[in-house]
Amino acid sequence: MSESSNKQTPKQFNVGGLLTNDNYIIPMYQRNYAWEEGEITQLIQDVVDYQKEHPNSPYYIGTLIVHKREDGKYETIDGQQRITTLTLLATGLKNQKVDVDNFKWPEQPNITFENRENSRLTFEAIFKETHNKLAKDSINPALLNGYQIIERELPKLLKQHNVDLAAFATYLFNNVQVMRVEVPHDTDLNHYFEIMNSRGEQLEKHEVLKANLLSVLENGIDDVKEKAKSKACLNLIWEACANMERYVQTGFSLEQRNAVFGAKDWCSLSAKNFDDLVTKLNPTQKPVGAEYKADPDFQSPTLSEIINSSIAPDDKGKEKNEDAPQRFNSVINFPNFLLQVLRIYLNALKYGSSLTSIVEVPLDDKRLLGIFQEHLLQGDQNNVERVKGFVFALLRCKYLYDHYVIKREFIKDKDGWSLKRYKWNDSNKVASYVNTFGAEEESSAENRTVLMLLAAFHVSTPSQAYKHWLSGALNWLYQQNQPIRVESYRSALESLAKAFMRDRFLVTTHKKEYSEIIYANQGQPKSDCPDYKTMVECLSYGEIENNFVFNYLDYLLWKQKNDARTTNFEFTFRSSVEHFYPQHPFDGHPKWGKEPLNAFGNLCLISHSKNSRLSNNTPQAKRDHYAQGLIDSIKQYLMMKAMERGNGWSQDTMWEHQNEMVEVIKTALTA
């Protein structure tokens with residue numbers, strides 16, 4: 001084959017063209033479909049965000065790498081998770097009979113799965129709306145779960161952003177673009193995968209952002225020594241904060257920790273501003289290969305040197321009991337954390353100026369560089385001070401985040417939520433992780449209460465972006481003097497929860513934006529507590545905006561500590577709203593009418609895997625399944641307990657349960 005004939009030109013398709021023009025095969029060597037709620041909702045959120053800001057512009061969503069087979073079908077090499085999700089999303093729109101401008105629905109999906117019969121059957125059944133009739137052993141649960149997530153979350157996201165379904169579908173099919181790259185016909189695919197798996201990581205956006213911030217200091221500071229120390233200080237702080245799995249103190253040497261976080265216990269941030277940090281950290285070391293140079297007159301490192309290096313603490317600054325990074329998992333990644341910090345920093349500046357409006361910073365890490373360019377780096381003579389202020393805010397927020405926001409902790413073959421601070425014991429020269437509040441080593445009731453409410457917030461928002469609860473928590477912490485008192489923090493978090501409920505989730509009109517709740521109202525609820533009719537309307541199936549309504553209720557019920565099973569309850573990532581009395585009951589049981597079936601009293605939040613297995617079972621069968629072991633939901637547990645008091649799960653029992661649950665919420669919201 002000649003060189004010219006072997007060249008394959010990348011082709012750009014809108015989603016409508018991609019899903020109708022050709023046929024795609026997911027080969028056996030590709031992993032199974034693995035996207036869950038976080039990835040799926042993030043894809044939809046990204047499209048909605050861009051559509052609102054640029055309704056007539058194309059939006060590039062990614063690349064699809066393929067190999068054209070002899071039969072003309074395209075073997076998917078890279079991008080199969082995205083194309084599968086787009087096909088599920090398109091199928092959901094088709095099944096809702098949405099009219100899309102300039103698009104005709106195909107008679108069958110153009111994606112198939114090689115030698116995966118269950119995947120093929122599930123996809124075809126979803127497309128034909130017969131998936132409820134599939135035998136359990138013929139279902140690919142991951143594909144079905146993906147489709148159910150789209151069914152559930154798409155209406156919520158569109159309603160939240162006031163976007164019409166048909167307008168979204170038209171934008172998706174006509175404006176959202178995918179670049180299809182075809183590898184040459186004679187490509188050795190095994191060698192290609194070897195290259196893909198061994199290639200180095202590309203420079204990430206947050207690393208480019210660091211270079212941009214360093215450029216501001218490079219060009220805006222005249223004094224050579226001040227410039228060198230400021231740039232080295234920025235780099236040192238950046239690297240210490242960038243590892244979200246480690247406590248920020250571990251990013252510094254022992255001497256630097258003592259200077260910045262207090263020699264007594266490392267549990268207070270003593271620096272007042274960026275220039276104070278330069279003095280305390282004394283960052284005069286420049287990496288040169290494996291050597292360090294400690295001359296205050298050293299030549300300032302170049303941007304490329306600083307980006308590609310990480311000034312790590314020396315060995316004597318590493319305590320022997322510092323755990324590997326795998327001990328803790330952060331609830332947010334670094335690019336999204338940077339946006340959270342920028343939001344807090346700019347709105348904190350607002351309070352000291354003549355500005356009256358909220359500074360709106362989108363929490364969309366895909367636009368990280370553009371957002372910082374717009375809000376922090378647009379040129380004036382104060383850019384150096386703004387960059388210094390932001391970097392100081394970054395360190396402060398990371399310290400507050402590490403000590404006052406939950407992490408997932410893995411220790412001794414167990415994992416669970418933890419709320420701990422990193423403490424130095426100067427008497428025996430040992431650093432350890434202890435409870436943030438209350439008794440340091442033992443179980444602490446005060447610590448666990450705050451932990452449970454933070455967990456309720458977090459599991460309600462599984463995606464990395466748009467963690468508005470984290471904005472609220474960090475914004476409050478940022479404005480406090482140290483030390484943080486547990487009573488004040490718990491009260492602030494409970495006020496934030498009430499504000500989310502009263503000002504957004506339980507109102508039908510005049511919903512407040514998250515930024516207004518967090519910054520203008522400082523996390524305090526402003527709307528009156530809704531009446532019973534409004535509450536049950538907002539809590540009915542199909543009207544629930546956010547799963548926090550279930551998790552908040554479970555938090556309130558957990559605080560009552562009625563028995564051992566509720567006391568030992570743990571929040572997990574539950575995303576499926578289950579009808580306790582099923583929509584499609586087995587064994588000839590009668591169907592309920594729409595109003596009682598979709599009432600809040602008949603709903604609970606469980607994991608999608610259990611919902612797939614148990615959804616059509618009777619309440620009695622579900623109760624038998626949960627007879628032993630951990631419970632998914634305290635509300636569901638009380639529903640099963642209510643069956644014991646009455647004649648099974650009747651409609652009268654359901655209405656009584658609903659009244660009890662609404663009263664629990666109302667009492668908390670008016671307290």
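Which residues of α17 are buried?

Modeller: First, the ground rules. This is a predicted model: local features need pLDDT of at least 70, side-chain atom pairs count only at pLDDT 80 or more, and totals for chains, interfaces and linings use all residues. Residues are numbered from 1 along each chain as its sequence is written, and side-chain values use heavy atoms, with hydrogens and water left out.

Now the helix. The buried residues of α17 are N447, T449, V450, L451, M452, L453, L454, A455, A456, F457, H458 and V459. Buried means under 20% relative accessible area, exposed means over 50%, and partly exposed lies in between (1.4 Å probe, protein chains only). Helices (H or I, at least four residues) and strands (E, at least two) are DSSP runs, numbered from the N terminus. With 12 of its 15 residues buried, α17 is largely enclosed by the rest of the structure.

Its length fits too. Helix α17 covers residues 445-459, and at 1.5 Å a residue it should span 21 Å. The expected span is 1.5 Å times one less than the number of residues. The end C-alpha atoms of α17 are 21 Å apart, which agrees.

What surrounds it? Contact here means heavy atoms within 4.5 Å.

Follow two of these neighbours. Strand β11 pairs with β10 in the antiparallel sense over 5 bridges. Two strands pair if DSSP finds at least two bridges between them. Within this pairing, F410 has D415 in β11 as its bridge partner. The two strands form a hairpin with 2 residues between them, and K412 in the turn has a positive phi of about 55°. On β10 (residues 407-411) there is also an antiparallel link to β9 (residues 328-329), made by 2 bridges. There, F328 has E409 in β10 as its bridge partner.

The largest nonpolar core has 134 residues, and F390, L395 and Y489 have the most contacts inside it. The largest share of this core, 13 residues, comes from α16. A nonpolar core is a set of buried Ala, Val, Leu, Ile, Met, Phe, Trp, Tyr and Cys residues joined through side-chain atoms within 4.5 Å. Not counting residues up to four places away in sequence, L395 touches I237, C241, V248, F252, V260, F261, L269 and L277. A second, separate core of 48 residues includes V15, I26, I111 and Y171.

There is also a sheet to note. Its 6 strands form an open sheet in the order β1-β6-β3-β4-β2-β5, with mixed pairing. The edge strands β1 (11-14) and β5 (111-113) each have a single partner, so one side of each is left without a neighbour in the sheet. Inside it, β3 (residues 59-68) and β6 (residues 176-182) run parallel, joined by 7 bridges. L64 stands opposite R180 in β6.

Finally, the whole protein. It has 28 helices and 15 strands. Buried residues make up 55% of its 671 residues. Among contacts between residues at least 6 apart in sequence, 73% join residues at least 24 apart.
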